[in-house]
Amino acid sequence: MRMGNPSVRRWVTKSQQGDMGAEIQPATYKGVYGKAALFAFITIITAIVAELAVFTMMKADLEGTLLWVGIATVVCAVPLLIMSFIIAFVPSTVKVLGIIYSVLQGGLLGCFALFVDILAVPGISIAALIGTAIVFLISLAVNKLLEVRISSKFIRGCMVVFFSIIVVELIMWLLTAVGLFSYESTTIWWIQTAISAICVIWAAIMLTWDLQNIDYLVQSGADKKYEWNFAFSLVTTLVYLYVEILELLLRLVVLFGNKKN
């Protein structure tokens with residue numbers, strides 16, 4: 001569960017303190033969104049390649065492929081976590097690590113999307129992608145046309161709610177582990193579906209907040225070198241939104257009995 005982008009918050013604070021002034025030339029919207037498109041393109045292309053490769057392997061050896069994909073998921077998850085922390089605290093590394101991160105992230109998303117399409121409903125990963133695009137366009141409209149601004153107090157309030165949700169999920173996991181609840185329980189699925197829906201809303205709020213912060217940082221004349229960081233933050237938020245929408249669709253499929261037979 002993504003609790004916000006610490007690097008973006010730190011950049012806003014630095015900008016407010018006047019520590020991010022342009023040394024050569026300022027950041028621009030074209031630069032930020034162009035670099036975000038690059039990260040997104042790498043992620044999507046890698047996801048497609050991974051999905052096709054794994055699908056081909058599954059035709060030859062289903063059990064062996066599942067085993068290797070599981071191992072690869074664990075192996076890739078660790079460097080992704082490490083790189084996200086390095087990029088957050090050493091922004092200058094994003095040019096190189098951001099591309100590597102996008103490749104690994106795309107590979108994991110491709111495998112995940114393939115298994116979801118096979119085990120649930122064909123095309124559900126595409127539906128989640130369309131949903132992500134719609135939310136992004138709405139967030140742009142809210143930020144640019146309506147000029148809706150999210151306050152830091154509101155974000156802090158949301159974070160309290162989501163820390164509470166984490167506690168609830170942990171309690172549910174413990175109760176299920178000791179046998180007091182079952183994953184087959186309809187009540188459990190409804191609770192988890194509600195949590196997924198809230199997470200989608202949170203991701204949409206984070207997306208709007210990221211766009212708002214990017215506006216502030218560009219308009220305040222931040223140095224052009226930070227465009228890579230703004231772009232990386234935006235794409236990671238979009239990926240998080242995609243995963244949450246996909247999870248919500250999966251839970252809805254299970255609840256309404258549309259699982260693939």
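Is Glu-227 buried or exposed in this structure? Glu-227 is buried, with a relative accessible area of 0%, where buried means under 20% relative accessible area, exposed over 50%, and partly exposed in between (1.4 Å probe, protein chains only). The model is predicted, so that local features need pLDDT of at least 70 and side-chain atom pairs count only at pLDDT 80 or more, while totals for chains, interfaces and linings use all residues. Residues are numbered from 1 along each chain as its sequence is written, and side-chain values use heavy atoms, with hydrogens and water left out.

**Salt bridges**

- The whole structure holds 3 salt bridges, each being a side-chain nitrogen of Lys or Arg within 4 Å of a carboxyl oxygen of Asp or Glu.
- Lys-35 and Glu-227 form a salt bridge with an N to O distance of 2.8 Å.
- This pair joins distant parts of the chain, 192 residues apart, with Lys-35 in helix 2 and Glu-227 in helix 8 (residues 227-255); helices (H or I, at least four residues) are DSSP runs numbered from the N terminus.
- Lys-35 is buried, at 16% relative accessibility.
- Glu-227 also meets Lys-224 in a salt bridge, the closest N and O atoms lying 3.0 Å apart.
- Lys-224 is partly exposed, at 26% relative accessibility.
- A network of salt bridges links Lys-35, Lys-224 and Glu-227.
- Within helix 8, Glu-247 and Arg-251 are 4 residues apart, which means that about one helical turn separates them.
- The side chains of Glu-247 and Arg-251 form a salt bridge at 3.1 Å, N to O.
- Glu-247 is partly exposed, with a relative accessible area of 26%, whereas Arg-251 is buried at 14%.

**Packing of helices 2 and 4**

- Helix 2 (residues 29-60) packs with helix 4 (residues 94-119) at an angle of about 40°, their axes being 7 Å apart; axes are lines fitted to C-alpha atoms over the stretch in contact, and angles run from 0 to 180 degrees between N-to-C directions.
- Helix 2 is therefore oblique to helix 4, a term for angles that are not under 35 degrees (roughly parallel), over 145 (roughly antiparallel) or 65 to 115 (roughly perpendicular).
- The contact of helix 2 with helix 4 comprises 16 nonpolar, 8 polar and 2 charged residues; Ala, Val, Leu, Ile, Met, Phe, Trp, Tyr, Cys and Pro count as nonpolar, Asp, Glu, Lys and Arg as charged, and the others, Gly among them, as polar.

**Cysteines**

- The count of disulfides is 0, a disulfide being a pair of cysteine sulfur atoms within 2.5 Å.
- Cys-111 is buried, with a relative accessible area of 12%, and Cys-199 is buried at 3%.

Note on methods:
Helices (H or I, at least four residues) and strands (E, at least two) are DSSP runs, numbered from the N terminus.
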